[in-house]
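I would ask you to look at the sequence and the structure together as I proceed.

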Amino acid sequence: MFKDILTDIWLNYRGRFLCSLSGLCIASLFLIAGFWQTLFLLLFVSGGFFIGYKIDKKEDLVEWLDRLLPPGYHK
């Protein structure tokens, strides 16, 4: 019975639950580490997430860097 309730909550309220949990973690980091350290950490976590997303989709990171960086930078 408890497993059914948790499954129902996960299926219907997944976004709210994950965003609330993320907000709680970020607020805790602000209180423990401070503003700049938390901002630095979130920047690197976002970068890692972005790179992992590109790898999961089997996209070429070198091609993406070629579009991002000025011409002639990468040889």
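Let me begin with a question: is T38 buried or exposed? The model before you is a predicted one, and in it T38 has a relative accessible area of 1%. Buried means under 20% relative accessible area, so T38 is buried. As to its place in the chain, T38 belongs to helix α2, which covers residues 35–56. If we set aside the neighbours within four places in sequence, T38 is in contact with I26, L29, F30 and A33.

With a relative accessible area of 11%, K54 counts as buried, because the value falls under the limit of 20%. Apart from neighbours within four places in sequence, K54 is in contact with E59, L61 and W64. With E59, there is a further relation to describe. How many salt bridges does a search of the whole structure find? The search finds one. The side chains of K54 and E59 meet in a salt bridge, with 2.9 Å from N to O. Of these two partners, K54 is buried, whereas E59 is partly exposed at 33% relative accessibility.

L61 lies in helix α3, which comprises residues 61–68. At 29% relative accessibility, L61 counts as partly exposed. Leaving aside neighbours within four places in sequence, L61 is in contact with I51, K54 and I55.

Next, the aromatic rings. A pair of aromatic rings is described by the distance of the centres and the angle of the planes. The structure holds four aromatic pairs. One of them joins W10 and F17: the centres lie 6.3 Å apart, the planes stand at 75°, and the pair is edge-to-face. Both W10, at 37% relative accessibility, and F17, at 46%, count as partly exposed. Elsewhere, ring pairs link F30, F35 and W36 into a cluster. You will recall F30 from the contacts of T38.

Finally, let us look at the surface. Which residues form a nonpolar patch there? The patch is made up of M1, F2, I5, L6, I9 and Y13, and together these residues have about 670 Å² of accessible area. M1 is found in the segment before α1, a helix that runs over 2–33. The relative accessible area of M1 is 79%; exposed means over 50%, so M1 is exposed.

To review briefly, I have described T38, a buried residue of helix α2; the salt bridge between K54 and E59; the edge-to-face pair of W10 and F17; and the nonpolar surface patch that includes M1. Thank you for your attention.

Technical notes
Residues are numbered from 1 along each chain as its sequence is written. This is a predicted model: local features need pLDDT of at least 70, side-chain atom pairs count only at pLDDT 80 or more; totals for chains, interfaces and linings use all residues. Side-chain values use heavy atoms; hydrogens and water are left out. Helices (H or I, at least four residues) and strands (E, at least two) are DSSP runs, numbered from the N terminus. Buried means under 20% relative accessible area, exposed over 50%, partly exposed in between (1.4 Å probe, protein chains only). Contact means heavy atoms within 4.5 Å. Rings of Phe, Tyr and Trp (its six-membered ring) pair if their centres lie within 6.5 Å; planes under 30 degrees apart count as stacked, over 60 as edge-to-face and the rest as tilted. Patches are made of residues with over 30% relative accessible area and no salt bridge: like charges are joined within 9 Å, nonpolar side chains (Val, Leu, Ile, Met, Phe, Trp, Tyr) within 5 Å. Accessible areas come from the Shrake-Rupley method with a 1.4 Å probe; for residues, only the protein chains shown count as cover. A salt bridge is a side-chain nitrogen of Lys or Arg within 4 Å of a carboxyl oxygen of Asp or Glu.
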